[in-house]
Amino acid sequence: MYPTEVHKVNSTKVTEFLILGFPALNDYKLPFFSIILLLYSITICENLLIILLVSTSQHLHSPMYFFLGHLALSDIILVTSVIPKMLDIIIREGIMISYVACLTQSYVYGGTVSAECFLLTAMSYDRYLAICRPLHYISVMNVKVRYSLIISSWMLGFTLMLISLLLLCGLDFCGPNVIDHFFCDYTPLLQLSCSDTSILDIELVVLCFPIIILPFVFIIITYVQIFITIFSISSTSGRQKTFSTCSSHLVVVSTYYGSMLIIYMVPYRGHSLTVNKFISVVYIVLTPLLNPVIYSLRNKAIQSSVMKYLMVCGKKRNLY
């Protein structure tokens, strides 16, 4: 166990940080560790299954499932960038992490979160075209457009976060090196710097607009159009069937952006560290866990592909 007191090194650049994690767990350390490990394992298996099904099933080759496969990939990267180190922190009650490793974790996490925002935006555009412009859907959402949206989402996410990384690299860390969190998040790192961070504080707010606000506004606009189209359908069964094609995406967007807005748009000092950690755990652990479940619950194509896959696996096992 590492000491939790603040380390101060006068006029010396900090080369590693102490991540505290959850010092108040006490006797609940092992149960909490076991729960997080179980949820992480399930999340990886679920999202790998989605990627496998989308890649191999003929029924899941439409643009919607193409985007879903990349959403599953982003969820895997997101949880893997945080949870393995988080488990180590829980069991050891805090760990030391090098300066380079800390910045790398912050960059991968931030880039993946940003890319996922753009992926969800691309998925909302796909649903808009499918429901509001069905006659033009196949011609507009062609293979070239799909790949352009996917590549743009990944590149934009990690390129915008590269700005934050470069600014972080320019900071000096010469005082406290204790991060009262369970991973190297952006704002806790800024609080430890002995440099002037006013530019980075402004940059954080500015980047929230292209990464969070603008995609969120775009998604709202597309869903206003979608709801107008759905309500114009005369039959109740037709409205329900049409709504079911976008309800999963709407639930995922609501949970994802709800957590994001609370974590990054509400000032970090505006709520306690315990609350911030709890919201972050919900966002990082539960959202990637629930995404495949939400998309599978009301999606007969995915359910059918899962059943076929399980039957094939069962037949192969019987052969052996």
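The following exercises, each with a worked solution, concern one predicted model.

Residues are numbered from 1 along each chain as its sequence is written. In this predicted model local features need pLDDT of at least 70 and side-chain atom pairs count only at pLDDT 80 or more, while totals for chains, interfaces and linings use all residues; side-chain values use heavy atoms, with hydrogens and water left out.

**Exercise 1. Layout of the chain**

State how many helices and strands the chain has, and in what order the elements run.

Solution. Begin with the rule: helices (H or I, at least four residues) and strands (E, at least two) are DSSP runs, numbered from the N terminus. Counting gives 10 helices and three strands. From the N terminus on, the order is β-α-α-β-α-α-α-β-α-α-α-α-α. Next, take burial, where buried means under 20% relative accessible area, exposed over 50%, and partly exposed in between (1.4 Å probe, protein chains only). Of the 320 residues in the chain, 47% are buried.

**Exercise 2. A buried leucine**

Decide whether L120 is buried or exposed, and find how far its C-alpha atom is from that of Y256.

Solution. First locate L120: helix α3, residues 99-132, contains this residue. The relative accessible area of L120 is 0%, so L120 is buried. Then turn to Y256, which is 136 residues away from L120 along the chain. The two C-alpha atoms are separated by 9.4 Å.

**Exercise 3. Salt bridges**

Give the number of salt bridges in the structure, and describe the pairs K29 with E93, R92 with D88 and R127 with D126.

Solution. A salt bridge is a side-chain nitrogen of Lys or Arg within 4 Å of a carboxyl oxygen of Asp or Glu. The structure holds four of them.

- Step one: K29 pairs with E93, and their closest N and O atoms are 3.2 Å apart. K29 is in helix α1 and E93 in the loop between α2 and β2 (95-98), so this pair ties together parts 64 residues apart in sequence. K29 is buried at 18% relative accessible area, whereas E93, at 33%, is partly exposed.
- Step two: R92 pairs with D88, with 3.1 Å between the closest N and O atoms. Both lie in helix α2, four residues apart, or about one turn of the helix. R92 is partly exposed at 37% relative accessibility, and D88 is partly exposed at 23%.
- Step three: R127 and D126 meet through their side chains at 2.9 Å, N to O. Both of these residues are buried.

**Exercise 4. The second largest cavity**

Describe the volume and the lining of the second largest cavity.

Solution. On a 1 Å grid over the protein atoms alone, a cavity is a set of points where a 1.4 Å probe fits but cannot get out, and lining residues have an atom within 4 Å of a point. Grid points are joined across faces, edges and corners, and a volume is the space filled by probe spheres set on the points. Two cavities of 30 Å³ or more are counted. N47, I50, L68, L71, A72, D75, N291, P292 and Y295 form its lining.

Conventions: 1 Å grid on protein atoms, 1.4 Å probe; cavity = no way out; pocket = protein on both sides within 12 Å on 5 of 7 lines; lining within 4 Å.
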